[in-house]
Amino acid sequence: MLVLLAGIFVVHIATVIMLFVCTIANVWVVSNVGNASVGLWNNCTNTLCNGTLVYAHEDALKTVQAFMILSIIFSAISLLVFVFQLFTMEKGNRFFLSGATMLVCWLCVLVGVSIYTSHYANGYTTYYRSEDHHGYSYILAWICFCFSFIIGVLYLVLRKK
Ligand SMILES: *[C@@H]1O[C@H](CO)[C@@H](O)[C@H](O)[C@H]1NC(C)=O
């Protein structure tokens with residue numbers, strides 16, 4: 001049981017870090033030609049990340065930015081709540097509050113990445129050309145989507161021993 005809790009704790013920290021990294025790294029969509037990638041904030045060429053995103057002012061992108069930031073906040077809150085409950089909660093109780101907060105984080109990632117995919121990262125949009133592929137930020141975001149759900153559910157199920 002203790003090993004399981006420690007494992008979840010480690011995966012939770014990794015998820016917070018991955019959410020942070022994928023949100024700030026501008027590597028959501030990478031071009032196969034040249035050395036260019038775009039993310040939620042900038043359009044990067046070679047090592048310079050100061051190009052203009054053609055869709056920078058679209059509401060869809062701002063919504064994705066907002067939900068990714070919310071997901072970082074909720075995953076961090078959930079981690080703090082878990083640590084707090086670990087020390088203060090009575091034995092036998094479930095980590096309900098941290099689980100519920102983590103599932104809110106999961107929903108934020110779900111909304112953010114879904115909007116990004118439907119607007120900017122699939123073959124049916126004008127922005128995603130045939131010479132593009134998904135970058136590591138995008139992949140990390142989907143990994144966080146899976147991890148946050150698993151962590152949230154495990155918190156709800158596990159009892160403090
Ligand atoms: C990024 O910049 C390049 C070069 O200026 C441009 O061709 C491309 O359309 C831009 N991509 C996005 C998504 O803004």
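Reader: What share of the contacts in the chain with a separation of 6 or more comes from residues 24 or more positions apart?
Author: They account for 71% of those contacts. A contact here means heavy atoms within 4.5 Å. This is a predicted model, where local features need pLDDT of at least 70, side-chain atom pairs count only at pLDDT 80 or more, and totals for chains, interfaces and linings use all residues. Residues are numbered from 1 along each chain as its sequence is written, and side-chain values use heavy atoms, with hydrogens and water left out.

Reader: How many helices and strands does the chain have, and in what order do they run?
Author: The chain has four helices and five strands. From the N terminus the order is α-β-β-β-β-α-α-β-α. Helices are DSSP runs of H or I with at least four residues, strands are runs of E with at least two, and both are numbered from the N terminus.

Reader: What are the spans of the C-alpha trace along its principal axes?
Author: About 55 × 25 × 25 Å.

Reader: Which residues carry the "transmembrane region" annotation?
Author: The unreviewed UniProt entry puts that annotation on residues 7-30, 66-88, 95-116 and 136-158. Such annotations may be inferred rather than shown by experiment.

Reader: What is the secondary structure of residues 66-88?
Author: That span is 100% helix and 0% strand, with its end C-alpha atoms 32 Å apart. For residues 136-158, the figures are 96% helix and 0% strand, and the end C-alpha atoms again lie 32 Å apart.

Reader: What makes strand 3 and strand 4 a pair?
Author: Pairing requires that DSSP finds at least two bridges between two strands. Two bridges join strand 3 (residues 43-45) to strand 4 (residues 48-51), so they pair, and they run antiparallel. N43 stands opposite G51 in strand 4. The two strands form a hairpin with two residues between them. In the turn, N46 has a positive phi of about 50°.

Reader: Why is Q65 called buried?
Author: Buried means under 20% relative accessible area, exposed means over 50%, and partly exposed lies in between (1.4 Å probe, protein chains only). Q65 has 15%, so it is buried. Q65 lies in helix 2 (residues 59-88). Beyond residues up to four places away in sequence, Q65 touches L40 and W41.

Reader: Is F74 buried, partly exposed or exposed, and why?
Author: Its relative accessible area is 25%, so F74 counts as partly exposed. F74 also sits in helix 2. Leaving out residues up to four places away, F74 touches T101, V104, C105 and C108. F74 and C144 are 70 residues apart along the chain, with 13 Å between their C-alpha atoms.

Reader: Why does N93 count as partly exposed?
Author: N93 has 35% relative accessibility, so the label is partly exposed. N93 lies in the loop between helix 2 and helix 3 (96-120). Apart from neighbours within four places in sequence, N93 contacts L158, R159 and K160. N93 and H133 are 40 residues apart in sequence and 45 Å apart, C-alpha to C-alpha.

Reader: What percentage of the 161 residues counts as buried?
Author: 43% of them.

Reader: How far apart are the mean positions of the positive and negative charges?
Author: 24 Å, for 7 positive and 5 negative charges. Lys and Arg count as positive, Asp and Glu as negative; His and the chain ends are not counted.

Note on methods: Charge placed at Lys NZ, Arg CZ, Asp CG, Glu CD.
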